[in-house]
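Hi,

Here is the structure I promised to pass on to you. Please open it first, and then read my notes alongside it.

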Amino acid sequence: MSGKKLYRTGMISKDELILGNAPWTKPEVRAVTIAKLDLFPDHHVLDIGAGTGTITLEMARRLFNGRVVSVEMKEEACQLIDANLKKLGLENVGLIKGKAPDCLPDEEWDRIFIGGTGGNIEDILQYAVSHLKKNGILVMNTVTIDTLSKAQSFFKERELIHEVVLLQVSRIREIGGYSMYQGENPIHVIRYVIG
């Protein structure tokens, strides 16, 4: 099988990643995000506010003839993304260190994922909706209600039909001899499709 890429449908496990101390997107959230992006192997995709790059890595594994451009402003996160790209042997990712939207390329994209905004949510959303190709998809994950509210306002003011899903994942943990659910942070997954 030398020279052939292995297509995996499952999520990358924690053991396969170099994580450092930075927060990372859990596999269940990645699975829903990837499903909402509806990727094709030749897509040209942008990941804004990539953080530790777990969504970038998942997308890159699915884009045999495509490419991901990952944008992140924090140096430590950029180093983690680069280290994980090397560890997983992914060569179809470009990494831009900078603050969005100022550093974003003036290109059209098949898909755009927004994982972080650095406080520039309206400008980043404006960039995204104006740089998606016809039938392009924007997916944005947000933890805070404040960011969700700003995104909702952006879409409603422009009469852009979108979808919001609240994803809540809990895991059983052993605490004091008992099995109890411990919840992860709820995540809002916003999806918008260019008509």
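Below are some notes on a pocket, the salt bridges and the aromatic pairs.

A word on how to read them: this is a predicted model, in which local features need pLDDT of at least 70 and side-chain atom pairs count only at pLDDT 80 or more, while totals for chains, interfaces and linings use all residues. Residues are numbered from 1 along each chain as its sequence is written, and side-chain values use heavy atoms, with hydrogens and water left out.

**The pocket**

The largest pocket has a volume of about 1,000 Å³. On a 1 Å grid over the protein atoms alone, a pocket is an open set of points where a 1.4 Å probe fits, with protein on both sides within 12 Å along at least five of seven lines, and lining residues have an atom within 4 Å of a point. The points are joined across faces, edges and corners, and the volume is the space filled by probe spheres set on them.

The lining of the largest pocket is made up of 40 residues, and those nearest its centre are Pro23, Gly49, Gly51, Gly115 and Gly116. Two or more lining residues come from each of strand E1 (44-48), helix H2 (54-62), strand E2 (67-72), helix H3 (75-88), strand E4 (109-114) and strand E5 (132-142). Helices (H or I, at least four residues) and strands (E, at least two) are DSSP runs, numbered from the N terminus. E5 gives the most, with three residues.

By type, the lining divides into 17 nonpolar, 16 polar and seven charged residues. Here Ala, Val, Leu, Ile, Met, Phe, Trp, Tyr, Cys and Pro count as nonpolar, Asp, Glu, Lys and Arg as charged, and the others, Gly among them, as polar.

**Salt bridges**

The structure holds 12 salt bridges (a side-chain nitrogen of Lys or Arg within 4 Å of a carboxyl oxygen of Asp or Glu). One of them joins Glu58 and Arg61 at 3.1 Å, N to O. Both residues lie in helix H2, three residues apart, about one turn of the helix, and both are buried (buried means under 20% relative accessible area, exposed over 50%, partly exposed in between, with a 1.4 Å probe and protein chains only).

Helix H3 holds both Asp82 and Lys86, four residues apart, and their side chains meet in a salt bridge of 3.0 Å, N to O. Asp82 counts as partly exposed because its relative accessibility is 32%, whereas Lys86, at 62%, counts as exposed.

Glu157 and Arg158 also meet in a salt bridge, at 3.7 Å, N to O. Glu157 is exposed at 60% relative accessibility, and Arg158 is partly exposed at 29%.

**Aromatic pairs**

A search of the whole structure finds two aromatic pairs. The ring centres of Phe154 and Phe155 are 5.5 Å apart and their planes stand at 90 degrees, so this pair is edge-to-face. Rings of Phe, Tyr and Trp (its six-membered ring) pair if their centres lie within 6.5 Å; planes under 30 degrees apart count as stacked, over 60 as edge-to-face and the rest as tilted.

Phe155 and Tyr192 form a tilted pair, with 5.5 Å centre to centre and 40 degrees between the planes. This pair links distant parts of the chain, 37 residues apart: Phe155 is in helix H5 (residues 145-157) and Tyr192 in strand E9 (residues 187-193). Phe154 and Phe155 are both buried, and Tyr192 is buried too.

Best wishes
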